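Please read the following points with the structure open beside the text. They take up charged contacts, then the sheet, and then the aromatic rings.

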Amino acid sequence: GHYGRGESATGLGVYFGVRECLKNEADMARIGMKPGLAGKTCIIQGFGNVGSFTAEFMERAGAKIIGLAEHNSAIFHPSGISVDDAKAYFRGNRTFEGMSGVQHIDPFDCLTRECDILVPAALERTVHLNNAHLLKAKVIAEAANGPLTPGGEKILLEKNVLIIPDIFLIAGGVTVSYFVWLRDLSHVRFGLLYKRFEVSGKQRL
């Protein structure tokens, strides 16, 4: 393993990707949003490593996490949900059921609530031809592998939704995996591997 692998790497990559995309003034004007992540409302489907760390990093950047959905439960609060509280509760119960201070709603209903950013971070083919028209998010950030089907994507694009693709957003975890693989091949710790890379680069200069 390597630092971040299996923990925060992919979620951090999702956050960075969303943050950079929301800086694009032309794209934001097209969907009727102001640039920047601060103050944006966000709903996240899936609260495993990717979803929970994405929520944590986005909250730190000033986004308001208003909805969290898992396969067995979902919570919503228009004023925002404390990610730390949600993580602590979910870690101990493996469900959001019974958590106080929030609204308990159907997991799919959570995805259809109005928000600025929807992050599907659970299963593939979550949004498809038969339910895409129900989504009200302005931005969909694909943090799972293929959460949108081609039919669902077509409907969302026709609704002027900005879709940030999975191949871009989840590259953080893949990149860290590459360094783990490289290190394992070389049978050296990462620090030494990086030092070799630096020395080699300076020699070429």
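1. A salt bridge is taken here as a side-chain nitrogen of Lys or Arg within 4 Å of a carboxyl oxygen of Asp or Glu. On that criterion arginine 113 forms a salt bridge with aspartate 109, the closest N and O atoms being 3.2 Å apart. Arginine 113 is partly exposed at 23% relative accessible area, and aspartate 109 is partly exposed at 28%, where buried means under 20% relative accessible area, exposed over 50%, and partly exposed in between (1.4 Å probe, protein chains only).

2. The model is predicted, with local features requiring pLDDT of at least 70 and side-chain atom pairs counted only at pLDDT 80 or more, whereas totals for chains, interfaces and linings use all residues. Residues are numbered from 1 along each chain as its sequence is written, and side-chain values use heavy atoms, with hydrogens and water left out.

3. A search of the whole structure finds six salt bridges. One of them joins the side chains of glutamate 56 and lysine 87, at 2.6 Å from N to O. This pair links distant parts of the chain, since glutamate 56 lies in helix H3 and lysine 87 in helix H4 (residues 83-93), 31 residues apart; helices (H or I, at least four residues) and strands (E, at least two) are DSSP runs numbered from the N terminus. Both glutamate 56 and lysine 87 are buried.

4. Lysine 154 and glutamate 158 also meet through their side chains in a salt bridge (2.7 Å, N to O). The two residues are four apart in helix H6 (residues 150-158), and are therefore separated by about one helical turn. Lysine 154 counts as exposed at 52% relative accessibility, and glutamate 158 counts as exposed at 57%. Elsewhere, salt bridges that share partners join Arg19, Glu20 and Lys23 into one network.

5. In strand S2 (residues 64-70), six of the seven residues are buried, so the strand is largely enclosed by the rest of the structure. Strand S1 (residues 41-45) pairs with S2 in the parallel sense over five bridges, pairing being assigned if DSSP finds at least two bridges between two strands. Threonine 41 stands opposite lysine 64 in S2. Between S1 and S2 the chain passes through helix H3 (residues 49-60), and this β-α-β crossover is right-handed (with the strands pointing away from the viewer, the path from the first strand over the helix to the second runs clockwise).

6. S2 is also joined to strand S3 (residues 73-76), antiparallel, by four bridges, and a hairpin connects S2 to S3 through two residues. S1 runs parallel to S5, with four bridges, and isoleucine 44 stands opposite valine 119 in S5. From strand S5 (residues 117-120), Ile117 and Val119 point one way and Leu118 and Pro120 the other, and all are buried.

7. Six aromatic pairs are counted, under the rule that rings of Phe, Tyr and Trp (its six-membered ring) pair if their centres lie within 6.5 Å, with planes under 30 degrees apart counted as stacked, over 60 as edge-to-face and the rest as tilted. Phenylalanine 90 and phenylalanine 96 have ring centres 5.0 Å apart and planes at 40°, so the pair is tilted. Ring pairs also link Tyr15, Phe16, Phe53 and Phe57 into a cluster.

8. The charged end of lysine 87 sits over the ring of phenylalanine 53, 4.4 Å from its centre, the criterion being NZ of Lys or CZ of Arg within 6 Å of the ring centre and within 35 degrees of the ring normal.
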